[in-house]
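This report looks at how one protein chain is packed.

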Amino acid sequence: MPRPYVLADTNWKHLKDESFDLAVLPWAATEAHNYHLPYSTDTIEATAIAEESARLAWEQGCKVIALPTIPFGVNTGQSDIYLDMNLNPSTQFAILKDVLTVLERQGIRRFMILNSHGGNNWKAIIRELGLLFPNMFLCTTHWPGMADKKEIFDHPGDHADEMETSLILHLAPELVLPKEEWGDGKELKNKIKAFSEGWAWTERPWSKISKDTGVGDPRKATKEKGEKFFALVCQKMSQLFVDIINADLDNLYE
């Protein structure tokens, strides 16, 4: 049966008499994930988390609609990695402006970007769009930071690591290469101390910091760990959906 909280599933017969309080836009990337995970890793994760979280919120009576996932993200640091696709931030701004124009015109005034890619940086974009759409509530989330990975995983990293490998083993195991094909995900650190400590930033040239495009050792990944982490993230994300829908946006602070 079509899921009424997933725009890609539903139909005009249902939507012509429907209304929603929150629209969620999953935004991912198309890029290499170590040797063993698919280029669609971020898209698989974003779509599954958005749709399952929407289901949980829908079952609590909340009118949320998950929009189709945008599969391309900012990959400016990976321009030399074959077929890593890039959208510049200015392109993302233009896409979001058009999406929000549709939503505002149709009366959906609460909007979330469910971000699934570390290269996507939304704060400045949301600040600028907030001036253009002052009657809308705009926010973003980055699901990899929603839970303490150390509670589940032995070797947390930040790209095609144990966590992401476990998730794809749970969500799309047929797309994961055999374990003997996995790289170790070793990351080379910047020799300038401030950048390695994290309080100064420069873009990482990906092919120089990782031979296999992974950052984080995936080799202790399991389907069971992925299933546990997925459930934890979706439960927390769905509660955020509920909280945003139920919030009095004119009296949000205390």
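A nonpolar core is a set of buried Ala, Val, Leu, Ile, Met, Phe, Trp, Tyr and Cys residues joined through side-chain atoms within 4.5 Å. Buried means under 20% relative accessible area, exposed over 50%, and partly exposed in between (1.4 Å probe, protein chains only). The model is predicted: local features need pLDDT of at least 70, side-chain atom pairs count only at pLDDT 80 or more, and totals for chains, interfaces and linings use all residues. Residues are numbered from 1 along each chain as its sequence is written, and side-chain values use heavy atoms, without hydrogens or water.

The largest nonpolar core has 32 residues. Leu 22, Val 64, Met 112, Leu 114, Trp 143, Phe 229 and Phe 241 touch the most other members. Helices (H or I, at least four residues) and strands (E, at least two) are DSSP runs, numbered from the N terminus.

H8 gives the largest share, nine residues. A second, separate core of 22 residues includes Trp 122, Ile 125, Leu 129 and Leu 138.

How many helices and strands does the chain have? There are eight helices and four strands. Along the sequence, the pattern runs α-β-α-β-α-β-α-β-α-α-α-α. Of the 254 residues, 48% count as buried.

Tyr 39 sits in the loop between strand S1 (22-27) and helix H2 (41-58). Tyr 39 counts as partly exposed because its relative accessibility is 32%.
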